[in-house]
Amino acid sequence: MSLDKKNLSIAYSILISKIHELKYLANISGRDVFTFYRGADLSGLDISGQDLTGMNFEGANIKFSSFKEVAFDPGAFNGCQIDPSQRWMTDEYGFYVRDLLEFDPNEILLFCKVRPGIIDEFIRITDLNYTYFSEVSMVSQNALRKARSGSVVAFETAQKIFRFISNNIEGHDNSSIDSFKKKMKQPCIIYLYGGNNAKFKEISRERLESLLKFRKFKIDNSPESPWSDSRDTVEYLEWAEDYFKRTRDIP
Amino acid sequence: MNNQKRYLSQVLSLDAWHDKISTDSGSSVHVELSFHSGRLGGDNSEFPFTFNISLRKALLSVEVEHPLEIDRRTIARSIPGNQAELTKIIDTHNVAKSNASFGGKISPASMHVSASGSMQLDSQVSQEEKMKIIQAIPGIIAIPKPVNSQSYSWELIPGHSESLDGQPWHPVDEPRLKTLPAKKKSKLSPSVKIKLSCLLEDINITDLKLKDERPIAIIKEMAINKMNMKAAIQHLKLSLGEMQLEAGQLDDRFSRLLIADMLASEV
């Protein structure tokens with residue numbers, strides 16, 4: 001840890017390496033290659049032809065860099081600082097399976113969309129069938145069908161699906177599992193709110209965090225009430241936040 | 001604070017104080033903050049290279065201990081105070097960051113080109129045009145970010161350069177905030193804590209140079225590849241970050257690094 005002799009010597013080895021590929025250089029560091037380049041400055045580089053699978057670049061500045069014929073996992077560049085010519089490298093799936101499994105659905109009413117293909121690939125690798133999947137995960141066949149096709153499902157449904165996948169992923173043929181695990185590690189979930197005759201709208205991580213912060217503030221400052229911490233909708237929190245700002249003169 | 005040197009704290013100096021806590025009136029909290037870039041490795045033989053370090057962005061927080069509360073009417077305003085002006089600067093920043101001919105970097109020249117919509121290159125922007133930008137835009141922009149009744153923050157970003165440099169506000173004339181009068185007298189004064197933090201991607205490492213111990217011919221041959229340079233810089237940032245995590249894991253992109261923290265002294 002820190003700028004000790006070992007880390008300085010690793011930095012030196014990276015500098016003088018005769019191989020100039022991002023994955024190789026990250027491996028020299030001994031750190032987790034998946035997260036190594038998060039938040040990094042990778043602007044103005046020629047990265048063409050490199051294998052970037054199994055790596056995530058969220059927060060990295062990749063502007064003005066060339067990514068011709070690069071191999072990468074879908075979602076790997078979501079959340080990067082990009083220039084307009086790089087939009088093709090990103091998509092709308094901004095949340096990770098880890099976020100999904102750690103989120104308490106009793107805080108805010110949310111819905112999900114899962115990246116199409118993920119659930120089907122899991123079934124193909126494990127050779128389980130949909131009936132078994134549905135029974136053990138306790139997700140109806142209909143909801144499972146919707147999730148597989150990338151349609152909107154309840155938040156708890158998406159959680160059950162991925163808990164099942166996480167619990168049943170080990171013990172299968174290694175190479176296909178490794179490739180699947182890489183894809184599942186990348187952002188593959190969209191969070192949404194709305195429904196109930198209104199259109200579903202996507203919500204960003206930043207917006208969700210700020211609403212959760214406000215919700216906590218509202219609960220901490222509410223008079224004693226058995227409903228003060230019951231599940232809120234995004235629409236209610238946005239209204240409450242705006243009302244609070246206007247009446248309490250918060251800048 | 002652990003025994004290891006806080007390298008990141010070399011890029012700033014921080015001091016803070018507040019008026020005596022009393023039940024009659026609120027107490028002003030003052031923060032004296034100054035940023036600069038630091039060069040690391042020169043005086044340490046263990047470093048095979050030297051490099052510049054600075055901050056692209058930082059978050060200053062003031063936390064008052066219960067039972068103190070912040071008087072929201074006294075929060076220092078944003079810099080610049082005019083919302084329209086602030087929005088205009090942020091918009092100009094965004095245009096400058098998309099400008100490939102300036103490498104997406106913010107500088108007086110790229111800000112001038114973005115604001116005026118001209119097609120000039122860096123070398124074509126006159127000294128006068130650059131000075132106009134430096135005079136019109138504050139060196140450091142401060143954006144207030146409310147937290148809760150006991151805590152308030154300001155996000156600090158450079159106005160017309162890549163890194164924070166100088167003082168964002170006058171430490172005496174521009175207090176950060178005032179607390180409400182204390183609700184009751186107490187023997188122990190509640191504390192006022194000041195923290196400065198940043199994200200990993202806000203650390204700016206530049207101008208990395210190998211130490212000059214080899215014959216010129218070999219140095220020429222060893223011109224460092226750009227890809228290697230950026231990977232090495234990322235490794236250095238991660239190493240620096242490991243020393244100073246506030247909470248969470250380093251692989252959590254949203255973890256803040258605590259650069260400096262102190263208790264404001266009562267004067």
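What is the order of the strands in the open sheet of four strands in chain A, and with what pairing do they run? In this predicted model the order is E2-E1-E3-E4, with antiparallel pairing, where strands (E, at least two residues) and helices (H or I, at least four residues) are DSSP runs numbered from the N terminus, and two strands pair if DSSP finds at least two bridges between them. The edge strands of this sheet are strand E2 (153–154) and strand E4 (198–202) of chain A, each of which pairs on one side only. Strands of a sheet pair through backbone hydrogen bonds, either parallel or antiparallel.

This is a predicted model, in which local features need pLDDT of at least 70 and side-chain atom pairs count only at pLDDT 80 or more, whereas totals for chains, interfaces and linings use all residues. Residues are numbered from 1 along each chain as its sequence is written, chains are lettered from A and ligands numbered from 1 in the order in which they are written, and side-chain values use heavy atoms, with hydrogens and water left out. The model scores ipTM 0.89 and pTM 0.88. For chain B the mean pLDDT (the predictor's confidence in each residue, from 0 to 100) is 87, and 90% of its residues reach 70 or more.

Chain B holds an open sheet of five strands in the order E6-E9-E2-E1-E13, with mixed pairing. Because E6 and strand E13 (265–266) of chain B each have a single partner strand, they stand at the edges, and one side of each is left without a neighbour in the sheet. One strand pair from each of the two sheets is set out below.

| Strand pair | Sense and bridges | Facing residues |
|---|---|---|
| E1 (residues 111–114) and E3 (residues 189–195) of chain A | antiparallel, four bridges | A:Phe111 and A:Leu192 |

Some backbone details lie in loops. A cis peptide bond with omega of about 10 degrees joins B:His66 and B:Pro67, and B:Pro67 is placed in the loop between strand E5 (58–64) and strand E6 (70–71) of chain B. Another cis peptide bond, with omega of about -5 degrees, joins B:Ile79 and B:Pro80, the latter being found in the loop between E6 and helix H1 (83–97) of chain B. In chain A, A:Phe64 has a positive phi of about 65 degrees although it is not a glycine, and A:Phe64 is found in the loop between helix H2 (22–29) and helix H3 (97–102).

Between the chains, 48 residues of chain B are in contact (heavy atoms within 4.5 Å) with 43 residues of chain A. The area buried between them, meaning the accessible area (1.4 Å probe) that two parts lose on being put together, summed over both, is about 4,100 Å², of which carbon and sulfur atoms give 63%. B:Met227, B:Lys230 and B:His235 supply 18% of the area that chain B buries against chain A, more than any other three residues. The count of salt bridges (a side-chain nitrogen of Lys or Arg within 4 Å of a carboxyl oxygen of Asp or Glu) between chain B and chain A is two, and the side chains of B:Glu242 and A:Arg31 meet in a salt bridge at 2.6 Å, N to O. The elements giving two or more residues to the side of chain B that touches chain A are strands E4 (49–55), E7 (140–148) and E11 (203–210) and helix H5 (226–243) of chain B, and H5(B) gives the most, with 16 residues.
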